[in-house]
Amino acid sequence: MMYMSGICGILAVLAMVTRTLSVKRRRTLALLEVSAMMLLIFDRYAYLYRGDTSILGYRMVRISNFMVYFLTLFLVHCMNIYLSDLFAHEGKLNKTPLRLYICEGLFALGTIMLIYSQFTGLYYTFDENNNYQRSNGNYLCYVFPFVMLILQLSLVIQYRKRLTKLMATSIVLCSVVPLAAAILQALCYGLSLINMSTVGMAIVLYILVLIDLNEEVVRSGEREVETQLLARLNEHTMFEQTAKALANAIDAKDKYTHGHSSRVAKYSEKIARMAGLSDEECENIYFAGLLHDVGKIGVPDQIINKEGRLTDEEFAQIKLHPVYGDRILASINKSPYLSIGARHHHERYDGHGYPDGLKGEDIPEVARIISVADAYDAMTSKRSYRDPIPQDKVREELVKGIGTQFDPKYAQIMLNLLDRDTEYNMKEQDGGEDPLFKSNLNCTDILSEYTVGIPVADRFTRIHLLSSPEPGASGMTIPSLIIFDALDGRIHKTEVGQKNFLYLEYARIRFDGDTTLGKARKIETKTILNETFTESATEDGYTRYEVESVRHNDHLIVRISDSSRIFESIVALPDSSRYTYIGVTGENCRIHNIHYHIDDQTIPEDYIPRIAEEVSFIRDLPVGDIPNVQVDRWRSSSSEGIPVKGDLKIRFHAMSLPTSRLIWHCPFVTLYTSYDGKVGGPGFREFALIRFDGENLDSDRHADNKVFINRTADFHGWNDWKERFREGLDCEVEVLKDENVYTIKTENLGIVMEISTTIYDEVEEVYVALTGDQCAMSDIKITHG
């Protein structure tokens with residue numbers, strides 16, 4: 001009891017210096033702890049002086065016992081004051097609950113009864129030896145604190161949702177534990193259970209108050225952080241929305257550059273991420289790309305929207321837009337990268353750019369990145385004087401610009417992004433952004449009017465349209481689909497266009513289920529649903545059609561439906577390498593509101609029923625130590641992983657597929673790690689990708705590649721190189737391991753490559769595998785040592 005009294009005294013001092021509490025609550029807690037301390041002291045004195053018949057003993061026994069009874073009541077009274085302040089502040093009660101006033105009345109009445117008992121012996125008496133004796137009315141002294149605790153407990157239960165869980169728990173304990181002790185006290189004479197439990201709960205209350213305060217401080221800190229983050233997010237969102245609005249206003253000056261700034265920003269951010277820049281740097285580059293053309297505000301509209309080539313004077317005006325952009329954005333002091341990107345994005349790596357003629361790495365990094373992205377989007381978008389440039393031609397232009405127009409590092413990353421974009425999605429998109437996309441057609445004959453190609457891949461493409469007969473038309477009045485491939489994704493009717501853009505028409509599908517086979521191998525059509533036509537099938541004279549199409553390798557499925565009929569066509573394509581587009585056209589009909597979207601989810605491999613044998617160029621070829629591999633598109637498949645535990649050689653026969661036409665349609669070698677040894681498997685990390693045409697990709701920031709590439713007298717030009725790979729040739733790859741350094745060597749048709757890769761991380765297993773683009777590899781044999 002004396003230890004507990006000391007603790008209460010210390011807590012009283014601490015309560016007074018706890019500045020996080022309100023003044024009233026701080027004083028109440030201190031008073032409660034002092035009272036608890038005095039209760040224990042007087043209880044101890046009552047015990048020490050009992051049976052002492054001296055004058056001091058006579059007085060101390062009576063004073064101590066009186067104070068014990070009074071302080072028991074007073075502690076509950078202090079709890080009442082504490083609850084009053086708690087409900088007013090944390091509980092947000094507008095007025096003090098009536099039950100607390102009743103408790104105050106009970107405290108006053110209990111004090112009066114205690115004083116009365118001193119003269120009448122109602123609660124206790126003392127015998128001739130000065131020993132304390134309970135009276136018959138002793139039970140009455142427990143009624144007042146007991147009822148007060150019950151009332152306080154009922155309040156806490158009622159308003160528990162207004163308090164923190166910890167505070168509600170502490171007050172419940174402070175009520176329940178003394179109540180339980182009071183019952184035991186009545187049964188067990190000689191034990192100070194009420195006093196000890198009451199004081200114990202006073203100590204617990206203070207400790208839990210401190211814990212709650214700490215949690216509140218943490219919560220307040222978290223709220224402050226959240227508020228700051230929300231403020232920063234709102235500021236960031238407002239900045240982004242303002243930047244996009246300004247970018248859209250810039251692009252709106254030229255009908256052919258709609259979305260240009262947004263695309264350049266996205267491409268720039270992708271390049272920056274692949275270059276290993278931080279998230280903050282990538283975001284800065286995104287916004288710099290978004291506002292890189294802001295200076296066009298100062299260029300006359302008649303120059304920007306001029307059809308055809310510009311004169312020298314007009315081009316001189318255009319060349320001023322980086323300077324205008326710098327002036328506009330220079331006032332944004334917190335974001336200097338904006339003005340830097342705007343001013344220098346037309347500088348050239350060889351120093352022949354404008355406006356300042358900077359050279360090499362004197363050009364700010366943000367501008368070198370935007371320069372590549374800007375040039376790429378310009379080539380892949382429609383302009384007033386030309387159509388978009390096909391993907392393979394864009395690649396050739398980027399290669400030509402390495403070291404002259406572009407920083408080699410960022411141009412190479414752009415080439416890698418382009419190579420990975422097997423569906424050619426990194427371009428001005430159809431169906432909304434492309435100025436050539438027609439959402440309304442008036443078709444008199446088939447292909448009199450038609451949309452640009454809508455891409456179809458391994459995710460569902462869903463096309464929606466309305467159609468009505470041409471007024472006064474006779475004969476067939478119905479829409480049709482053209483299934484095709486072309487370098488520019490557009491239908492070509494002339495022989496010259498078909499030749500230049502490698503146009504290939506697979507099939508035609510009419511919306512009544514009639515089909516025409518083109519260069520596809522086979523087409524099968526079946527009706528899924530056929531009901532009687534009703535008026536609900538039309539909207540204001542238009543029939544609503546839904547088209548969904550998806551492709552997996554060399555098979556394509558197309559479903560066409562209206563409200564009364566659904567049919568589907570499965571098309572066996574000539575190969576798995578070419579792209580697939582759908583063009584909408586018709587006969588004697590008006591087609592309106594053509595729009596489409598592409599799902600996010602890819603289809604399972606067995607989704608499309610096969611109607612023709614899979615196109616394979618490796619089925620009848622000899623098999624070596626591991627299975628043959630056919631790569632129809634950019635890295636669409638890979639060989640089994642070969643563990644590199646020491647030096648080894650890989651010999652195989654390589655052949656470009658009949659659809660190949662570009663120098664990078666050749667074998668690749670990938671150096672990587674993964675948990676299951678498969679390319680793209682769990683934990684996949686690629687350290688290097690080596691292409692047989694002499695290009696390589698650093699794929700992991702925790703590895704360093706040193707590259708040696710040379711052409712010998714055996715190299716007779718790229719045309720010969722491509723032709724030899726079409727015919728097929730034997731290849732050899734040597735892999736050397738020296739601790740964490742892996743060296744890959746190969747020589748093919750005069751292209752000599754040696755790549756040394758240092759892997760800095762500890763990895764369980766390193767593998768090599770063969771992959772590529774539009775090529776087949778067979779008779780793969782592995783020699784160790």
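**Reading helices and strands**

Tutor: Two packed helices are described by the angle between their axes and the distance between the axes. Here helix H8 (residues 260-274) and helix H16 (residues 408-420) pack at an angle of about 105°, and their axes lie 10 Å apart. Axes are lines fitted to C-alpha atoms, for helices over the stretch in contact, and angles run from 0 to 180 degrees between N-to-C directions. Helices (H or I, at least four residues) and strands (E, at least two) are DSSP runs, numbered from the N terminus. The model is predicted: local features need pLDDT of at least 70, side-chain atom pairs count only at pLDDT 80 or more, and totals for chains, interfaces and linings use all residues. Residues are numbered from 1 along each chain as its sequence is written, and side-chain values use heavy atoms, with hydrogens and water left out.

Student: How are H8 and H16 oriented to each other?

Tutor: H8 and H16 are therefore roughly perpendicular; angles under 35 degrees count as roughly parallel, over 145 as roughly antiparallel, 65 to 115 as roughly perpendicular and the rest as oblique.

Student: Which residues of H8 and H16 meet?

Tutor: From H8, Lys-270, Ile-271 and Met-274 meet Tyr-410, Ile-413, Met-414, Leu-417 and Arg-420 of H16, where contact means heavy atoms within 4.5 Å. By class, this contact of H8 with H16 has six nonpolar, no polar and two charged residues. Ala, Val, Leu, Ile, Met, Phe, Trp, Tyr, Cys and Pro count as nonpolar, Asp, Glu, Lys and Arg as charged, and the others, Gly among them, as polar.

Student: How should I read strand pairing?

Tutor: Strands of a sheet pair through backbone hydrogen bonds, either parallel or antiparallel. Strand S22 (residues 703-711) and S25 run antiparallel, joined by nine bridges; two strands pair if DSSP finds at least two bridges between them. Asn-705 stands opposite Thr-757 in S25. Strand S24 (residues 741-748) also pairs with S25 in the antiparallel sense, over eight bridges, and Thr-746 has Met-753 in S25 as its bridge partner.

Student: What do S24 and S25 form, and which residue in the turn has a positive phi?

Tutor: S24 and S25 form a hairpin with two residues between them, and Leu-749 in the turn has a positive phi of about 55°.

Student: Why is S25 described as largely enclosed?

Tutor: Seven of the nine residues of S25 (residues 751-759) are buried, so S25 is largely enclosed by the rest of the structure. Buried means under 20% relative accessible area, exposed over 50%, partly exposed in between (1.4 Å probe, protein chains only).
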